[in-house]
Amino acid sequence: MLDTGALDLGTFTPDVALAHKQEDPQRLAGSEPAVPKSVILITYHFPPEIGGIHTRMLHYVKNLRSRGISVTVFFIVSHGTEMKRYFISGAEVFVVPGQSRFFPRIAFNLLKTSISKHADVIHVVTGTSTMIGAFAIVMGRTMGLPSVISFFGKEQFEFSTPTHRWLFKIAISLATSIGVNTPYTGASMPSKFQHKMHLLLGG
């Protein structure tokens, strides 16, 4: 999935460099790409819940923090009705209810946090076809930020409702970069979006 030894340059750095070049036309094309200072992660998989993606997400956060990058995680859960906050490995984590009735509150807090944290990158790690996942990508693009999505299995290209398929199309169309964990997963990517796709380091 996510590189446990180095920052995934495919996911972050080129997009951030492009954003900076667009803001500063005098930046030399051959200059080193800028490293993000603040990353917002949106995910449905994170500790203390247990699983392969959950563990890799924690490794991912630790590596970003070891490089001095501020990390804020919005951990979406299917149970509970209260928003909780805790810190892990130097990252601030907001645990938020994923039911649709809480969407306005979550969306507002995501926007407010992205502004207050001076986010450089928005990364929907899991949940691309959900309301909050699609909103995060729309928000990121509206703010002029690199907006990244990731996929970790072919099942993430299967949709239970037309609404989820529609949200997926919005997110994948607007995303500036798309990461996949394996070539097998990438084979499910619609061909017109494969030019934005890259393999996530660490599989």
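Is Glu92 buried or exposed? Select Glu92 in your viewer and keep that question in mind while you look around. Before we go on, remember that you are looking at a predicted model.

**Stop 1**

Glu92 has a relative accessibility of 7%. Because the cut-off for buried is under 20%, Glu92 counts as buried. Arg85 itself is exposed, at a relative accessible area of 53%.

Next, select Lys117. Here is another salt bridge to Glu92, and its closest N and O atoms are 2.6 Å apart. Trace the chain between these two residues: Lys117 sits in the loop between helix H3 (103–116) and strand S5 (121–124), while Glu92 belongs to strand S4 (residues 91–97). The pair lies 25 residues apart and links distant parts of the chain. Lys117 is partly exposed, with 28% relative accessible area.

Why might such side chains meet at all? Side chains of opposite charge can pair when their charged atoms come close. Display Arg85, Glu92 and Lys117 together, and you have a network of salt bridges. How many salt bridges does a search of the whole structure find? The search finds two.

**Stop 2: two loop residues with positive phi**

Stay with the loop between H3 and S5 and select His118, which lies there. Its phi is positive, about 50 degrees, although His118 is not a glycine. His118 counts as exposed, at 63% relative accessibility.

Now move to Ser89, in the loop between strand S3 (84–88) and S4. Ser89 also is not a glycine, and its phi is positive, near 55 degrees. Its relative accessibility is 35%, so Ser89 counts as partly exposed.

**Stop 3: the sheet**

Switch to a cartoon view and color the strands. In what order do the eight strands of the open sheet come? Follow them across as S3-S4-S2-S1-S5-S6-S7-S8, with mixed pairing. At the edges you will find S3 and strand S8 (197–199), each pairing on one side only. From one strand to the next, the twist averages 25 degrees.

Zoom in on strand S1 (residues 38–43) and strand S2 (residues 70–77). They run parallel and are joined by six bridges. To find your place there, select Ser38, which stands opposite Ser70 in S2. As background, strands of a sheet pair through backbone hydrogen bonds, either parallel or antiparallel.

**Stop 4**

Finally, select Ser129, in the loop between S5 and helix H4 (131–142). Ser129 counts as buried, at 17% relative accessibility. Which residues is Ser129 in contact with, leaving aside its neighbours within four places in sequence? Show Phe159, His164, Leu167 and Phe168 to see them.

Notes. Residues are numbered from 1 along each chain as its sequence is written. This is a predicted model: local features need pLDDT of at least 70, side-chain atom pairs count only at pLDDT 80 or more; totals for chains, interfaces and linings use all residues. Side-chain values use heavy atoms; hydrogens and water are left out. A salt bridge is a side-chain nitrogen of Lys or Arg within 4 Å of a carboxyl oxygen of Asp or Glu. Buried means under 20% relative accessible area, exposed over 50%, partly exposed in between (1.4 Å probe, protein chains only). Helices (H or I, at least four residues) and strands (E, at least two) are DSSP runs, numbered from the N terminus. Contact means heavy atoms within 4.5 Å. Two strands pair if DSSP finds at least two bridges between them. Axes are lines fitted to C-alpha atoms, for helices over the stretch in contact, and angles run from 0 to 180 degrees between N-to-C directions.
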